[in-house]
Amino acid sequence: MCIRDRHELKEIIEKRPWIRRAGLERRLPDRLIIDVEKEQALALVAAGQLYYMNRWGEIFTEVDEAGDLDYPIITGVDLEQRDRQERLSYAVEVLSTLQGEKTPWSLRELSEIHIKENGDISLYFCSLPFQIKCRANELNQKMADLKTLVRHLKDSGRIPMVRGINLDYQDAAVIAMKRG
């Protein structure tokens, strides 16, 4: 392969899936400094195949058989949908809200974000045996109430009876309980 100039080499480097950005600097007489920013996965997107998504909501490569799978999974996204990028931005909003949280609300405990139309989401956490419904853009302001509610359910021994929590109400939450 014959590379004619630095710009061509930069393009070749940036075509690699795990490379976000490359910078090249020539230092005379005989040095070339290459500065590379690597992509960092934030989540997996299940859309036919599994793909890595970065913190900007960009899908940057398909997961291969040796790939790391220890990320939250985003479902409800079809790569052919017109609103694909909007749905991925909802996922980024949720992931950003949970970024600094501790267990059971940490990103390590988050199993799945299912994205529906208009920013409606369902969250599934490894340590909580039920789904949590809300709007992606309201999760940040409802986190304190959600934590208080789940703490109360744990303290009262009712967590095993919960089927789901719906936070899609102005000043309330609806808890669906199992029969019995």
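Me: What pattern does the protein chain follow when read along the sequence?

Reply: The order is α-β-β-β-β-β-β-α-β-β-β-α-β-β, which corresponds to three helices and eleven strands. Helices (H or I, at least four residues) and strands (E, at least two) are DSSP runs, numbered from the N terminus. The model is a predicted one, in which local features need pLDDT of at least 70, side-chain atom pairs count only at pLDDT 80 or more, and totals for chains, interfaces and linings use all residues. Residues are numbered from 1 along each chain as its sequence is written, and side-chain values use heavy atoms, with hydrogens and water left out.

Me: Why is H2 called oblique to H3?

Reply: The axes of H2 (residues 84-98) and H3 (residues 139-155) come within 10 Å and cross at roughly 45 degrees, where axes are lines fitted to C-alpha atoms, for helices over the stretch in contact, and angles run from 0 to 180 degrees between N-to-C directions. Angles under 35 degrees count as roughly parallel, over 145 as roughly antiparallel, 65 to 115 as roughly perpendicular and the rest as oblique, so H2 is oblique to H3.

Me: Which residues make the contact of H2 with H3?

Reply: Val94, Thr97 and Leu98 of H2 meet Leu139, Asn140 and Met143 of H3, contact meaning heavy atoms within 4.5 Å.

Me: What makes S5 and S11 the edges of the sheet?

Reply: Nine strands form an open sheet of mixed pairing, in the order S5-S4-S3-S6-S7-S8-S9-S10-S11, and two strands pair if DSSP finds at least two bridges between them. S5 and S11 (174-177) each have a single partner strand, so one side of each is left without a neighbour in the sheet.

Me: How do you know that S4 and S5 pair, and in which sense?

Reply: S4 (residues 49-53) and S5 (residues 59-62) share three bridges, in the antiparallel sense, and Met53 stands opposite Ile59 in S5. Five residues lie between the strands of this hairpin, where Gly57 takes a positive phi near 80 degrees.

Me: What joins S3 to S6?

Reply: S3 (residues 43-47) and S6 (residues 73-75) run parallel and are joined by two bridges, with Ile74 in S6 as the bridge partner of Val45.

Me: How does the radius of gyration of the protein chain stand against that of a compact globule?

Reply: Taken over C-alpha atoms, with a globule rule of 2.2 Å times the number of residues to the power 0.38, the value would be near 16 Å for a compact globule of 180 residues, but the protein chain has 21 Å.
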